[in-house]
Amino acid sequence: MDLERLSPRNPVKKESWWTVLTLAYQSLGVVYGDLATSPLYVFKSTFAEDITHSETNEEIFGVLSLIFWTLTLIPLVKYVFIVLRADDNGEGGTFALYSLLCRHARISSLPNFQLADEDLSEYNKNPEEDPRSLKVPGWSLKNTLEKHKFLQNMLLVLALIGTCMVIGDGVLTPAISVFSAVSGLELSMSKQQHQYVEVPVVCAILILLFSLQHYGTHRLGFVFAPIVLTWLLCISTIGVYNIFHWNPHVYKALSPYYIYKFLKKTRGRGWMSLGGILLCITGSEAMFADLGHFTQLSIQIAFTFAVYPSLILAYMGQAAYLSKHHVLESDYRIGFYVSVPEQIRWPVLAIAILAAVVGSQAIITGTFSIIKQCTSLGCFPKVKIVHTSSRMHGQIYIPEINWTLMLLCLAVTVGFRDTKHISNASGLAVITVMLVTTCLMSLVIILCWRKSYIYALAFIFFFGTIEALYFSASLIKFLEGAWVPVALSFIFLLIMYVWHYGTLKRYEFDVQNKVSITWLLTLFGSSNLGIVRVRGIGVINTELVSGIPAIFSHFITNLPAFHQVVVFLCVKSVPVPHVKPEERFLVGRVGPKEYRLYRCIARYGYRDVHRDDVEFENDLICSIAEFIRSDKPLNYSPDLENETGTNERLTVVAASSSNLEGVQIFEDDGSDKQEPSSSSEVTVVAPSPRIKKRVRFVLPESARIDRSAEDELTELTEAREAGMAFIMGHSYVKAKSGSSVMKKIAINFGYDFLRRNSRGPCYGLSTPHASTLEVGMVYIV
């Protein structure tokens with residue numbers, strides 16, 4: 001959302017700043033829950049095994065210095081001041097970077113791309129610059145990426161790896177956050193009692209958390225920001241108390257000199273401990289991923305003036321306490337709660353558990369969003385997506401993913417039973433996502449921002465070196481828990497790539513086997529074939545944006561009849577976050593006007609909402625009616641159709657819900673005899689005494705249509721009254737006989753299994769089963 005959208009008038013600057021501050025406050029509960037709870041487990045994970053706390057305090061001060069500079073360089077400098085500027089029309093995340101690259105270089109994984117997609121208002125390709133000019137920075141890189149399919153696949157795999165690690169983080173973050181919050185019970189009971197109480201309590205909280213997901217974040221969100229704000233005030237206040245009470249000179253440890261002393265003393269053990277220090281920036285990626293729900297300035301203000309200082313004070317307070325307590329009863333007492341004054345430990349424990357739940361909620365809903373994006377871009381099987389809020393965009397719930405995450409989260413909790421192994425796993429997932437962002441950002445700097453290669457190399461060298469150091473420290477603990485995100489990511493990556501590969505091969509088969517216009521015209525011109533046309537509208541579901549799909553010829557061969565109005569419908573995704581309703585549909589004719597054959601392409605962005613109700617059907621019919629009303633006569637040429645498809649004949653038509661000046665549709669049971677209230681409206685009505693359902697197209701006053709267009713609208717009205725039938729393909733995909741073993745396994749087993757267990761097209765879910773026809777076909781790819 002932007003300021004103008006929240007405040008249409010926006011008359012004064014004061015109102016804009018109030019809006020920004022309001023969004024900054026709200027972002028605390030959505031964006032920073034995970035990052036804010038990191039003090040619960042950073043010191044405990046760092047000192048778990050690799051290094052020990054000595055009386056010289058060199059380890060404590062060295063760790064504090066590393067935490068301070070890591071928080072400063074990665075979340076503050078990299079994300080807040082650089083990465084947040086690489087938004088995709090206000091949206092952020094791994095797929096936002098990938099879609100930006102796809103629009104500035106032809107490397108998109110979507111096969112049904114059209115030149116008309118570049119005319120979308122959100123496509124933004126710097127039209128003032130000539131992309132073919134040798135003087136434009138990055139032209140040679142762009143040319144290289146467009147020529148080599150291997151590099152395009154590598155870029156797609158890189159984006160998918162980052163996505164899979166985010167999903168893995170959705171499993172690990174709830175486990176480690178809740179586990180660390182509940183670990184405060186260890187100070188009030190013996191270790192023997194604690195190990196039997198902690199895991200059941202964590203599992204119970206996790207089950208409750210995932211069970212509440214179907215209610216939606218918006219119903220619980222009003223308490224999220226106050227909880228995180230209370231938690232930040234709590235840890236910062238405790239930090240200030242510990243600093244002045246135990247060691248006021250702890251601020252000296254912020255000097256990078258203590259990092260040098262720490263690494264010089266601990267050497268290899270200090271390097272391995274970086275995996276625990278890394279956890280202080282877990283959740284930083286959420287600032288970029290959740291950018292679409294807030295503004296860049298609001299997130300910058302919230303982190304710079306609230307989250308960042310609170311975290312620094314919290315870590316300094318813990319270090320100050322530990323610097324005066326060198327002998328601890330046991331290794332697990334170096335955690336967060338040992339530095340909390342005993343009088344307030346129970347209230348702090350309750351706030352910590354609530355804050356951990358909030359942080360877990362954010363990563364879970366973020367996982368739902370990224371799965372939806374993958375589905376939209378053809379990189380994940382279709383799943384059931386439930387929209388939990390009719391007013392707040394992006395609030396979704398995916399049942400299959402929710403319960404899968406819960407089972408995996410419980411398995412990790414019960415399997416490891418401590419934060420040490422879970423922190424190792426979480427650290428590797430976090431730093432991998434950051435490395436992927438760094439690599440994609442270096443390409444964005446060149447291709448999208450048109451900056452010199454020097455800036456991109458400096459960015460990837462500086463931040464990539466820091467992150468590679470942390471990555472190596474996390475990877476060395478592969479057998480101690482870090483294998484979990486690798487295994488989870490491999491499974492999800494395999495699913496995504498197999499689905500994408502199978503979808504691409506299936507589309508290539510459709511393109512190679514599409515039917516020519518000449519064959520279709522033969523059906524109409526010959527009276528000896530016995531082809532009849534029945535009343536109603538037949539909607540042919542296809543992935544093709546031009547040509548006649550093979551499913552239509554297969555349908556005609558088995559059932560020599562089709563509807564009086566035929567619509568070839570393609571619902572496609574484009575590499576932009578949102579498509580405006582007024583740019584939703586592309587409508588054109590297939591063949592001569594009198595044949596009543598139309599092509600309709602519905603375009604959606606990767607963050608757009610697909611409504612599963614009759615609204616889509618009405619928008620579809622109204623878009624055709626509006627096209628008929630505004631259509632200009634053209635000389636039809638079958639040869640031109642065969643050569644160029646239908647791109648040049650398609651017209652952008654707005655959805656009826658957003659185009660109040662266009663054609664509107666009204667349906668009733670025939671009992672309401674009232675005419676439209678405005679006498680300036682023109683109504684095309686085709687009542688039928690045998691049909692109860694009555695359909696009306698209402699045209700604006702300025703509409704002037706000729707006789708042929710009025711007849712065409714009347715026929716469309718009659719067809720709508722008779723009903724709609726959705727004709728969908730029920731495909732069986734098989735690899736060619738001479739294919740490699742890997743391809744046969746991927747297509748015959750992997751893709752076929754995923755296809756049989758995935759959802760159908762979203763717009764067909766609300767149609768009655770009696771109105772749906774499935775045509776079986778075998779795809780040999």
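This is a predicted model: local features need pLDDT of at least 70, side-chain atom pairs count only at pLDDT 80 or more; totals for chains, interfaces and linings use all residues.
Biologist: What do Lys505 and Glu508 form?

Modeller: General idea: side chains of opposite charge can pair when their charged atoms come close. Here Lys505 and Glu508 form a salt bridge, with 3.6 Å between the closest N and O atoms.

Biologist: And where do Lys505 and Glu508 lie?

Modeller: An α-helix has 3.6 residues a turn, so residues three or four places apart point the same way. Both Lys505 and Glu508 sit in helix H21, three residues apart, which is about one turn. You'll find another case in helix H27 (residues 741-756), where Arg755 and Asp752 are also about one helical turn apart, being three residues from each other. Their side chains meet in a salt bridge at 3.2 Å, N to O. Arg755 and Asp752 are both buried, though.

Biologist: How many salt bridges does a search of the whole structure find?

Modeller: The search turns up 13. One of them pairs Glu467 with Lys78, whose closest N and O atoms are 2.5 Å apart. That one links distant parts of the chain: Glu467 is in helix H20 and Lys78 in helix H5, 389 residues apart. Glu467 and Lys78 are both buried. Some bridges share partners, too: Glu58, Glu59, Lys261 and Lys265 are joined into one network that way.

Biologist: Helix H5, then. How many residues does H5 have, and how far does it reach?

Modeller: H5 (residues 58-81) has 24 residues and reaches 32 Å from first C-alpha to last, close to the 34 Å expected at 1.5 Å a residue. Of those 24 residues, 19 are buried, so H5 is largely enclosed by the rest of the structure.

Biologist: Moving on to rings. How many aromatic pairs are there?

Modeller: The idea first: a pair of aromatic rings is described by the distance of the centres and the angle of the planes. The count for this model is 18 aromatic pairs. Take Phe61 and Tyr258: they form an edge-to-face pair, 5.8 Å centre to centre with 90 degrees between the planes. Phe61 lies in H5 and Tyr258 in helix H12 (residues 257-266), so the pair ties together parts that are 197 residues apart in sequence. Phe61 and Tyr258 are both buried.

Now compare Phe368 and Tyr397, an edge-to-face pair at 5.9 Å and 85 degrees. Phe368 is in helix H17 and Tyr397 in strand S2 (residues 396-397), 29 residues apart. Phe368 has 0% relative accessibility, so it counts as buried, and Tyr397 is buried at 6%.

Biologist: Which residues do ring pairs link into a cluster?

Modeller: Phe61, Tyr257, Tyr258 and Tyr260.

Biologist: Last one: is Leu479 buried or exposed?

Modeller: Leu479 has a relative accessible area of 75%, so it's exposed. It lies in the loop between H20 (453-475) and H21 (483-512). Together with Leu475, Phe478, Trp483 and Val486, Leu479 forms a nonpolar surface patch with about 480 Å² of accessible area. For contrast, look at Gln373 in H17 (residues 345-376). Gln373 is buried at 5%, and beyond its sequence neighbours it touches Phe95, Tyr606 and Arg607.

Methods. Residues are numbered from 1 along each chain as its sequence is written. Side-chain values use heavy atoms; hydrogens and water are left out. Helices (H or I, at least four residues) and strands (E, at least two) are DSSP runs, numbered from the N terminus. Buried means under 20% relative accessible area, exposed over 50%, partly exposed in between (1.4 Å probe, protein chains only). Contact means heavy atoms within 4.5 Å. Patches are made of residues with over 30% relative accessible area and no salt bridge: like charges are joined within 9 Å, nonpolar side chains (Val, Leu, Ile, Met, Phe, Trp, Tyr) within 5 Å. Accessible areas come from the Shrake-Rupley method with a 1.4 Å probe; for residues, only the protein chains shown count as cover. A salt bridge is a side-chain nitrogen of Lys or Arg within 4 Å of a carboxyl oxygen of Asp or Glu. The expected span of a helix is 1.5 Å times one less than its number of residues. Rings of Phe, Tyr and Trp (its six-membered ring) pair if their centres lie within 6.5 Å; planes under 30 degrees apart count as stacked, over 60 as edge-to-face and the rest as tilted.
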